[in-house]
Amino acid sequence: MNVALTYFLYRFAWGSLDLIFPPLCGGCGKPGSRWCRDCQHNVQHLVEPVCDICGISIDGLGLCADCQAARPRYHILRSWSVFDDPVRNALHKLKYRRDVALGDALAAQLLKFTMNLKWPVEMIVPVPLGKKRLKERGYDQVNLIARPLALAAGIVYAPDGLVRIRETRSQVGLSRAERRTNVNGAFLAQGKRVKSRVVLLIDDVATTGSTLSSCAEALYAAGARDVFALTVSRALTHHGLNNV
Ligand SMILES: [Zn+2]
Ligand SMILES: [Zn+2]
């Protein structure tokens, strides 16, 4: 089936369901839509200028101090929003309440943002959850956003492009250096899927970017031609390293 038609039917299915069960906004809980106008208006975006590589707001032009000190492995990282409400609330819901329709609503926001970046990506690969956490939660929240995004953008979706080859402890509360060590060598990419491809890595939140960098490392090791990274949200210094 043609991609546009598949996506239309997918959206239509959610639209029909809304007539029976009116949705609540994923950002503020108000009834009427999954992502209301107020929340749309209240989304905080990263203020320009941003670091050429990791996308964090900086004072001048070029690279932030962290990227100058240790270059991340991905080519470029950009995030649609700052990790504050209403997006933080929506991501929290997605993580603990399997709200598939909310994943779709966020993907629609991410679609516009992705298209504007004009990156020559050929394949979308989500950052995978570890087996243990997948078993506990029963689903992977990044999938809930990345799958409809790939469908809408007409880009090949490869949820099996990367696997976690060892369980890592949560990054919450770890320092920048500890985070890097924690995820170092934690991923393996499937050469058959990603070889010679330009990959778009997707995650929900980036903090120091060390998980994305480690994923990019694995993708390049498996022969990927280029690796771009995109997250729904970006945790900033004022969020500390204790929340995400
Ligand atoms: Zn709202
Ligand atoms: Zn940077």
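Helices (H or I, at least four residues) and strands (E, at least two) are taken as DSSP runs, numbered from the N terminus. The model is predicted, with local features requiring pLDDT of at least 70 and side-chain atom pairs counting only at pLDDT 80 or more, whereas totals for chains, interfaces and linings use all residues. Residues are numbered from 1 along each chain as its sequence is written, chains are lettered from A and ligands numbered from 1 in the order in which they are written, and side-chain values use heavy atoms, with hydrogens and water left out.

Donors are N, O and S atoms within 2.8 Å of the metal (3.2 Å for Na, K and Ca); water is not among the atoms, so sites may look incomplete. Four donors count as tetrahedral if all angles lie between 85 and 135 degrees. Both Cys51 and Cys67 are buried, a term that denotes under 20% relative accessible area, with exposed over 50% and partly exposed in between (1.4 Å probe, protein chains only).

The zinc ion (ligand 1) is coordinated by Cys25 (SG), Cys28 (SG), Cys36 (SG) and Cys39 (SG) at 2.3 to 2.4 Å. The spacing of these donors along the chain is C-x2-C-x7-C-x2-C. The site of the zinc ion (ligand 1) is tetrahedral, with angles of 105 to 113 degrees among its four donor atoms. For four tetrahedral donors, the ideal angle at a metal is 109.5 degrees. Cys36 counts as buried because its relative accessibility is 7%, and Cys39 is buried with a relative accessible area of 3%.

Helix packing was examined for α4. Helix α4 (residues 87-96) packs with helix α5 (residues 100-117) at an angle of about 140 degrees, their axes being 9 Å apart. This angle makes α4 oblique to α5. Axes are lines fitted to C-alpha atoms, for helices over the stretch in contact, and angles run from 0 to 180 degrees between N-to-C directions. Angles under 35 degrees count as roughly parallel, over 145 as roughly antiparallel, 65 to 115 as roughly perpendicular and the rest as oblique. Ala90, Leu91, Lys93 and Leu94 of α4 make the contact with Leu102, Gly103 and Leu106 of α5, where contact means heavy atoms within 4.5 Å.

Helix α4 also packs with helix α7 (residues 141-153), at an angle of about 110 degrees and with the axes 7 Å apart. The two helices, α4 and α7, are therefore roughly perpendicular. Leu91, Leu94 and Lys95 contribute to this contact from α4, and Gln141, Leu144 and Ile145 from α7.

Ser213 is buried, with a relative accessible area of 15%. Although Ser213 and Tyr74 are 139 residues apart along the chain, their C-alpha atoms are separated by 5.6 Å. Leaving aside residues up to four places away in sequence, Ser213 touches Pro72, Arg73 and Tyr74. Arg164 is placed in strand β4 (residues 162-164) and counts as partly exposed at 22% relative accessibility. The C-alpha atoms of Arg164 and Cys25, 139 residues apart along the chain, are separated by 33 Å.

Several backbone features were also identified. The peptide bond from Glu48 to Pro49 is cis, with omega near -5 degrees, and Pro49 is found in the loop between α2 and α3. A cis peptide bond also links Asp85 to Pro86, with omega near 10 degrees; Pro86 lies in the loop between β1 (76-82) and α4. Most residues other than glycine have a negative phi, and most peptide bonds are trans. Lys118 has a positive phi, near 55 degrees, and is exposed at 68% relative accessibility. Phi of Ser196 is likewise positive, near 65 degrees, and Ser196 is partly exposed, with a relative accessible area of 41%.

How values were computed:
Tetrahedral: all angles 85-135°; square planar, octahedral: opposite > 155°, others 65-115°.
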